[in-house]
Amino acid sequence: METFRFKTNIKCGACVATVTPHLEKVADVDRWDVDLTSPDRILTVEASGASREEVVKAVTEAGYRAEAV
């Protein structure tokens, strides 16, 4: 299993709700979480086969940014 971390512009619970269906469509994403208390709004993704690029694409399709850290 790999862990990816991204700096995002996901700011609140409603933003998380918007991103959720997009990340749930990515195969092999086992768990994910956004630290809304961090100034960088860090998205942490644990995946057993999904690529970093697939996660970025899903977040972008939801209307947000994800930059690898």
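## Terms and model

Buried residues have under 20% relative accessible area, exposed ones over 50%, and partly exposed ones fall in between, with a 1.4 Å probe and protein chains only. By this scale K7, at 37% relative accessibility, counts as partly exposed.

This is a predicted model, in which local features need pLDDT of at least 70 and side-chain atom pairs count only at pLDDT 80 or more, while totals for chains, interfaces and linings use all residues. Residues are numbered from 1 along each chain as its sequence is written, and side-chain values use heavy atoms, with hydrogens and water left out.

## The sheet

Helices (H or I, at least four residues) and strands (E, at least two) are DSSP runs, numbered from the N terminus. An open sheet of 4 strands runs in the order β2-β3-β1-β4 with antiparallel pairing, where two strands pair if DSSP finds at least two bridges between them. Because β2 and β4 (66–68) stand at the edges, each with a single partner strand, one side of each is left without a neighbour in the sheet. From one strand to the next the twist averages 30°; axes are lines fitted to C-alpha atoms, for helices over the stretch in contact, and angles run from 0 to 180 degrees between N-to-C directions.

Between β1 and β4 the antiparallel pairing extends over 3 bridges, and F6 stands opposite A68 in β4.

## The helices

Helix α1 (residues 13–24) has 12 residues and reaches 16 Å from its first C-alpha to its last, close to the 16 Å expected at 1.5 Å a residue, the expected span being 1.5 Å times one less than the number of residues. The buried residues of α1 are C15, V19 and L23. They cover an arc of only 60° around the axis, which puts them on the same side of α1; the arc is that of the directions from the helix axis to the C-beta atoms. On the face turned away from this buried side, α1 carries the exposed residues A14, A17 and E24.

The buried residues of α1 pack against β2, β3 and α2 (52–61), contact meaning heavy atoms within 4.5 Å. Helix α1 lies across β2 and β3, running at about 165° to β2. Helix α2 packs on the sheet, touching β1, β2, β3 and β4, and its direction makes about 35° with that of β1.

## The salt bridge

The structure holds 1 salt bridge, defined as a side-chain nitrogen of Lys or Arg within 4 Å of a carboxyl oxygen of Asp or Glu. In it the side chains of D40 and K7 meet at 3.8 Å, N to O. Since D40 lies in the loop between β2 (29–34) and β3 (42–47) and K7 in strand β1 (residues 2–8), the pair ties together parts that are 33 residues apart in sequence. D40, at 34% relative accessibility, counts as partly exposed.
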